[in-house]
Each structure stands twice: as structure tokens, then as C-alpha cells.
Amino acid sequence: MSRRQPITIILARALNGAIGKDNDLPWHLPGDLKRFKAITMGGAMIMGRKTFESLPGLLPGRRHIVMTRSADWDAPGAEVVHSIDAALDIAGADPVFVIGGAQIFEMFEPIADRIELTEVIAEVEGDTFMPDLRTSENWDEVACEDRPAEGHNPAYRFITLDRVQP
């Protein structure tokens with residue numbers, strides 16, 4: 001598969017691997033939300049249907065490309081596709097940000113160029129989990145920034161992983 005644009009996975013994950021609970025994030029980290037907005041602004045966000053439906057609405061300044069197996073699913077503001085190739089084709093030259101859920105992350109991980117990981121320094125209750133991709137020989141940590149706990153919100157860190165070049 002040839003592609004023109006870089007692919008970045010944006011993922012928040014607790015120490016125990018939890019990434020979601022009841023189709024929502026199991027934490028509220030305003031700093032992470034600000035970073036997510038800054039990174040994705042102007043790009044094409046690729047997500048699954050449940051992730052799209054979990055959003056508070058259309059996120060301004062970004063395209064919403066939704067991968068679904070459902071042939072008749074549609075939503076205002078969503079660009080609906082049914083495959084990785086279709087998602088990348090419709091994104092065109094726009095920067096691509098894969099924002100979830102777990103199945104979509106797993107599908108794009110083998111072809112992604114970068115992972116922007118928010119590691120939540122807590123064990124949290126969840127119903128959706130992801131492995132720690134840093135344990136793979138495919139990824140190299142190139143940046144890490146610790147953020148302190150604030151009030152009831154746990155500490156977290158921003159980690160950037162780049163694909164190891166063969």
C-alpha cells in the first residue's frame with residue numbers, strides 16, 4: 001500500500017491497559033484534551049463508529065472519517081468508509097490521526113508512522129484495553145513529558161513513539 005500522508009495514532013492508556021469504559025474515557029484530563037486538539041487540528045481523524053458516537057459532537061477544524069462494517073450507517077459530518085484503503089484515500093493529503101477505538105488502533109498500528117501516547121499513571125476500571133506498544137521492537141520512544149496530578153485527576157505523561165526504520 002503506498003500512501004502520501006503520515007499516519008499518527010493518538011492514544012490515552014492507563015497503566016493497566018484500559019483505554020475506555022462504557023464508550024467513554026475513564027478519566028478527565030484537561031491537559032490531554034488540549035494536546036489532542038492541538039495535534040489533530042486541520043487533519044483527518046480516522047475512527048470507528050463507537051468512537052464517533054462517543055464524541056460530544058463534531059470537533060471543529062478536523063475531518064471525521066468513520067470506519068464501520070455497517071453498509072447503511074450514516075451521520076451528518078461523518079465521511080463513512082469501510083476499509084483502511086478507503087479511509088486513507090478519502091483523507092487525501094491531509095495529515096491522518098487515528099483516534100480509536102481498540103480495533104481501529106490494531107488495524108492501523110502496522111502502518112502507522114508515529115504514536116502520540118498519553119500514559120495515565122493509574123490503574124483504572126475499564127472495558128476496553130490496549131497492550132503497551134512500547135514493548136514492541138517496532139517503536140522507539142523519542143519524547144516524554146511528565147505531567148503532575150491535579151486535584152482528583154491522576155498524573156500522566158505524554159510519550160511520542162516513532163516507528164523504527166528498518
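Helices (H or I, at least four residues) and strands (E, at least two) are DSSP runs, numbered from the N terminus. The model is predicted: local features need pLDDT of at least 70, side-chain atom pairs count only at pLDDT 80 or more, and totals for chains, interfaces and linings use all residues. Residues are numbered from 1 along each chain as its sequence is written, and side-chain values use heavy atoms, with hydrogens and water left out.

The protein contains four helices and ten strands. Along the sequence these elements run β-β-α-β-α-β-β-α-β-α-β-β-β-β. The radius of gyration, taken over C-alpha atoms, is 15 Å. This agrees with the value near 15 Å for a compact globule of 166 residues, where the globule rule is 2.2 Å times the number of residues to the power 0.38. Along the principal axes, the C-alpha atoms fill a box of roughly 40 × 40 × 25 Å.

Contact means heavy atoms within 4.5 Å. Of the contacts with a separation of 6 or more, 64% join residues 24 or more positions apart. The protein exposes about 8700 Å² (Shrake-Rupley method, 1.4 Å probe). Carbon and sulfur atoms supply 52% of that area. There are 17 positive side chains (Lys and Arg) and 26 negative ones (Asp and Glu), with His and the chain ends not counted. The centres of the two sets lie 3 Å apart, with each charge placed at NZ of Lys, CZ of Arg, CG of Asp or CD of Glu.

Asn 16 sits in the loop between β1 (7–14) and β2 (18–20). Beyond residues up to four places away in sequence, Asn 16 touches Ala 122, Glu 123, Val 124 and Phe 129. Ala 122 is 106 residues from Asn 16 in sequence, yet their C-alpha atoms are 7.6 Å apart. A polar atom of the Asn 16 side chain lies 2.8 Å from the backbone oxygen of Val 124.

The loop between β2 and α1 (30–40) holds Asp 22. Asn 23 lies in this loop too. Phi is positive at Asp 22, near 55°, and at Asn 23, about 60°; neither residue is a glycine. Asp 22 is exposed (over 50%), at 59% relative accessibility. Asn 23 is partly exposed, at 40%.

A cis peptide bond, with omega about 0°, joins Gly 100 and Gly 101. Gly 101 falls in the loop between β6 (96–100) and α4 (102–108).

How values were computed
Polar contact = N/O pair within 3.5 Å; in protein donor to acceptor, adjacent residues only side chain to side chain. Buried < 20%, exposed > 50% of the residue type's maximum accessible area, 1.4 Å probe, protein only.
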